[in-house]
Amino acid sequence: MNQLSNHKARGSALTTLVGGIVILLAVLFFLVKLANSNYFSNVEETTTSATETRIMPAGSLAMGDGTPIGERTGEQIFNKVCIQCHAADGNVPNAPRITNNGEWAPRIAKGFETLFNNALNGFNAMPAKGGQADLTDDELKRVIAYMTNQSGGNFEAPAVGAAASEAAASGETAAAASPATSIDGKSIFDTTCVACHGATSAIPNAPRITKNDEWAPRIKKGKDALFKSAIEGYTGPSGSLMPAKGGNTNLSDDEVKAAVTYMVNESGGKF
């Protein structure tokens, strides 16, 4: 009798163990199904969720913070990529540091297109796109504008996403509403020209505002000659280079003329 009772006890314990395992597996199955219920649907259904599941891409790329490629801002890209070489306290040789205007000034003077092409294709020890191959052209332009605008420049960055078309439309409206006579030359000087033509600039052969002697021979050439050089760009006899529109190709001809007029009138001329 004791042997029979022992067999029954062992059988009951085994049944309890198997039953517990089955229940545990069932609970895990339903938990997994519940966790995924918000992301996938039965693709044979015609609901909105099912449709989204059917057309879901096999994979998508995003930045560490979840921003899709193509939608990243200049600041995001700088903080993720460019900061390694261009940080304000960086020590990479020949890499201009953000907010250090003196280091950026000669580069800004070459114009935005030159900066973009160097960043796109690589320049000296800098790899193409700073080593981040998935950057789009617009993203690269945004981070260039971000760094230069923090360092004495004034370049316009491509808008992100849907804001691009809205910005373009508002820009056209503003241009139409602002006649040339109301253009503030000082404002343009302060944001674009000051990097090379500021009173304390160290750019060789660039006449500095309020330095009448430096401007005098240029003023003698006449208004039209100065306007033409500023709009189209100018290469001096000594090889000094001024890019078209000071490197800011977003400026209109009238805006460039307003900036030149302001500098001349502050430096002994009267346009």
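Trainee: Are Phe189 and Tyr262 buried or exposed?

Mentor: Good place to begin, and keep in mind that this is a predicted model. A residue counts as buried when its relative accessible area is under 20%. Phe189 and Tyr262 are both buried.

Trainee: How many aromatic pairs does the structure hold, and what is the pair of Phe189 and Tyr262 called: stacked, tilted or edge-to-face?

Mentor: The structure holds four aromatic pairs. For the rings of Phe189 and Tyr262, the centres are 5.7 Å apart and the planes stand at 50°. Planes under 30 degrees apart would be stacked and those over 60 edge-to-face, so this pair is tilted.

Trainee: Which helices hold Phe189 and Tyr262, and how far apart in sequence are the parts they tie together?

Mentor: Look for Phe189 in α8, residues 185-197, and for Tyr262 in α11, residues 253-265. The pair therefore ties together parts of the chain whose separation in sequence is 73 residues.

Trainee: What kind of aromatic pair do Phe227 and Phe271 form?

Mentor: Their ring centres are 6.2 Å apart, and there are 75° between the planes. Planes over 60 degrees apart get their own label. The pair of Phe227 and Phe271 is edge-to-face.

Trainee: Where do Phe227 and Phe271 lie, and how many residues separate the parts they tie together?

Mentor: Phe227 is in helix α10, residues 223-232, while Phe271 is in the segment after α11. Because of these places, the pair ties together parts with a sequence separation of 44 residues.

Trainee: Now the nonpolar cores: which helix gives the most to the largest one?

Mentor: The largest nonpolar core has 18 residues, and those with the most contacts inside it are Cys82, Leu140, Val143, Ile144 and Met147. At least two of its residues come from each of α3 (74-86), α4 (101-108), α5 (112-121) and α6 (137-149). With five residues, the helix that gives the most is α6.

Trainee: Which residues does Cys82 contact, leaving aside its neighbours within four places in sequence?

Mentor: Cys82 is among the residues with the most contacts inside the largest core. Setting aside neighbours within four places in sequence, Cys82 is in contact with Ile77, Ala87, Val143 and Met147.

Trainee: How are the buried residues of α4 arranged around its axis, and which helices do they pack against?

Mentor: In α4, the buried residues include Trp104, Ala105 and Ile108. Seen down the helix axis, the buried residues of α4 fall within an arc of 120°, so they line one face. They pack against α3, α5, α6 and α8.

Trainee: Which residue lies over the face of Phe116?

Mentor: Look 5.0 Å from the centre of the Phe116 ring. The residue over its face is Lys141.

Trainee: What is the phi of Asn124, and is Asn124 buried or exposed?

Mentor: Most residues other than glycine have a negative phi. Asn124, in the loop between α5 and α6, has a positive phi near 50°. At 71% relative accessibility, Asn124 counts as exposed.

Trainee: What is the phi of Asn205?

Mentor: Asn205 is in the loop between α8 and α9 (212-219). With 47% relative accessibility, Asn205 counts as partly exposed. Although Asn205 is not a glycine, its phi is positive, at about 65°.

Trainee: To finish, how many helices and strands does the protein have?

Mentor: From the N terminus on, the elements run α-α-α-α-α-α-α-α-α-α-β-β-α. Counting them by type gives 11 helices and two strands.

Terms used. Residues are numbered from 1 along each chain as its sequence is written. This is a predicted model: local features need pLDDT of at least 70, side-chain atom pairs count only at pLDDT 80 or more; totals for chains, interfaces and linings use all residues. Side-chain values use heavy atoms; hydrogens and water are left out. A nonpolar core is a set of buried Ala, Val, Leu, Ile, Met, Phe, Trp, Tyr and Cys residues joined through side-chain atoms within 4.5 Å. Buried means under 20% relative accessible area, exposed over 50%, partly exposed in between (1.4 Å probe, protein chains only). Helices (H or I, at least four residues) and strands (E, at least two) are DSSP runs, numbered from the N terminus. Contact means heavy atoms within 4.5 Å. Rings of Phe, Tyr and Trp (its six-membered ring) pair if their centres lie within 6.5 Å; planes under 30 degrees apart count as stacked, over 60 as edge-to-face and the rest as tilted. A charge sits over a ring if NZ of Lys or CZ of Arg is within 6 Å of the ring centre and within 35 degrees of the ring normal. The arc is that of the directions from the helix axis to the C-beta atoms.
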